[in-house]
Amino acid sequence: MNPTGRLPIITGEGGEAESWVAANRDALRSAVAEQGAIMVRGLGIADIAEAAAVSKLLADRLLSEREGFAPRDRYDEGVYSSAMWPPEQPMCMHNEVSYALEVPRLLIFSCLTAPVGGGATAVSDTRAVLAALPQDLVERFARTGWLLTRSFNDLIGVPWSDAFGTADRQEAQAYADRQRIELTWGDEGSLRTRQHRHAVVRHPESGERCWFNQIAFLNEWTMEPAVREYLVAEFGADGLPFNTFFGDGEPLDETIVTAINDAYERHTVREPWQAGDLMLVDNVRMAHSREPYEGDRDVVVAMADPVRLRGA
């Protein structure tokens with residue numbers, strides 16, 4: 001990341017967004033490879049169609065989201081609204097879709113409407129986070145991986161049919177088998193899932209070790225205490241909509257989750273959105289978050305360049 005501690009900003013000078021991005025595509029992708037994340041300011045991206053067109057120009061291939069945790073509007077292949085998450089609640093640092101086997105290598109954000117306050121898409125260097133965490137913890141996660149559990153029901157979270165992209169149980173099972181996800185069906189269409197993933201991976205280009213997961217974001221200790229208490233009382237400790245564990249199934253205590261979130265915060269860089277901005281993020285090298293905000297916020301998200309990562 002930029003040694004000044006600020007997100008690098010490139011000025012998109014003159015002309016309309018699509019032609020400027022087409023002319024500067026290679027330079028922009030090189031800048032992301034060098035910096036991890038960049039902001040392009042001055043393009044004036046004004047609507048969904050323009051954001052989708054710019055995303056298609058920048059991507060080698062767009063990736064459709066599966067197994068999402070919050071609803072999104074789908075605008076085009078691989079192009080979506082931001083996750084529908086309460087504006088007063090943060091979306092903590094995470095690597096996008098890191099619970100899947102095939103993950104986006106590149107994230108493309110286009111800001112159509114900037115919030116009145118807050119709402120930055122902050123980033124944190126996963127190599128620095130890895131170095132900042134206790135090494136015995138890192139090596140345990142590197143050895144065992146991490147485990148994600150989910151509980152789907154009609155009362156909370158997205159329905160399993162939305163997460164798996166089908167309402168057919170056989171199709172959902174076939175998808176789960178391909179993705180190495182264990183499904184357990186319950187009464188009245190409820191479903192519980194378990195999936196084991198790498199927590200530390202090798203960057204596909206540099207080969208560097210990166211802290212790549214959603215261990216803290218999807219853990220019960222990151223929830224607001226009142227929310228967690230309500231969910232445990234209502235559904236039981238095993239019925240939370242999502243939770244994370246060491247790869248061997250051992251629960252995480254609050255101090256571990258706090259240590260992970262603290263490491264992210266010590267290495268966080270943020271740049272307030274301006275309408276028309278374009279932001280490119282290396283999804284392996286950089287975790288990202290969405291900070292609480294006031295007013296309207298409209299950011300279009302594209303997931304690009306799918307890759308399968310190896311553990312480190």
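Q: Which element supplies the largest share of the lining of the largest pocket?
A: That is strand 9, with 3 residues. Strands here are DSSP runs of E with at least two residues, helices are H or I runs of at least four, and both are numbered from the N terminus. Strand 9 covers 146-152, and together with helix 7 (225-235) it makes up the elements that give two or more residues to this lining.

Q: What kind of model is this, and what should I know before reading numbers off it?
A: It's a predicted model, in which local features need pLDDT of at least 70 and side-chain atom pairs count only at pLDDT 80 or more, while totals for chains, interfaces and linings use all residues. Residues are numbered from 1 along each chain as its sequence is written, and side-chain values use heavy atoms, with hydrogens and water left out.

Q: What makes a space a pocket and not a cavity?
A: On a 1 Å grid over the protein atoms alone, a cavity is a set of points where a 1.4 Å probe fits but cannot get out, whereas a pocket is an open set with protein on both sides within 12 Å along at least five of seven lines. A residue belongs to the lining if it has an atom within 4 Å of a point. By that test 24 residues line the largest pocket, and W85, Q89, M223, V227 and F242 lie nearest its centre.

Q: How much space lies in the largest pocket?
A: About 640 Å³. The volume is the space filled by probe spheres set on the grid points, which are joined across faces, edges and corners. For the second largest pocket the figure is about 310 Å³.

Q: How do the residues of the largest pocket's lining divide by class?
A: There are 17 nonpolar, 5 polar and 2 charged residues. Ala, Val, Leu, Ile, Met, Phe, Trp, Tyr, Cys and Pro count as nonpolar, Asp, Glu, Lys and Arg as charged, and the others, Gly among them, as polar.

Q: And how does the lining of the second largest pocket divide?
A: Its lining has 5 nonpolar, 3 polar and 6 charged residues. There are 14 lining residues, with E65, G68, R72, Y80 and D162 nearest the centre.

Q: How many cavities of 30 Å³ or more are there?
A: The count comes to 1. The largest cavity has a volume of about 290 Å³. Its lining takes in 22 residues, with R72, A83, M91, H94 and E96 nearest the centre. By class, the cavity lining holds 10 nonpolar, 7 polar and 5 charged residues.

Q: What makes the phi of V97 worth a look?
A: Most residues other than glycine have a negative phi. V97 is not a glycine, yet its phi is positive, about 55 degrees. You'll find V97 in the loop between strand 5 and strand 6 (103-113). R180 also has a positive phi, near 55 degrees, and sits in the loop between helix 6 (169-178) and strand 10 (181-185).

Q: Which residues does S82 contact, leaving aside its neighbours within four places in sequence?
A: P71, R72, R297, V299 and V301. Contact means heavy atoms within 4.5 Å. S82 and V301 are 219 residues apart along the chain, but their C-alpha atoms are separated by 6.0 Å.
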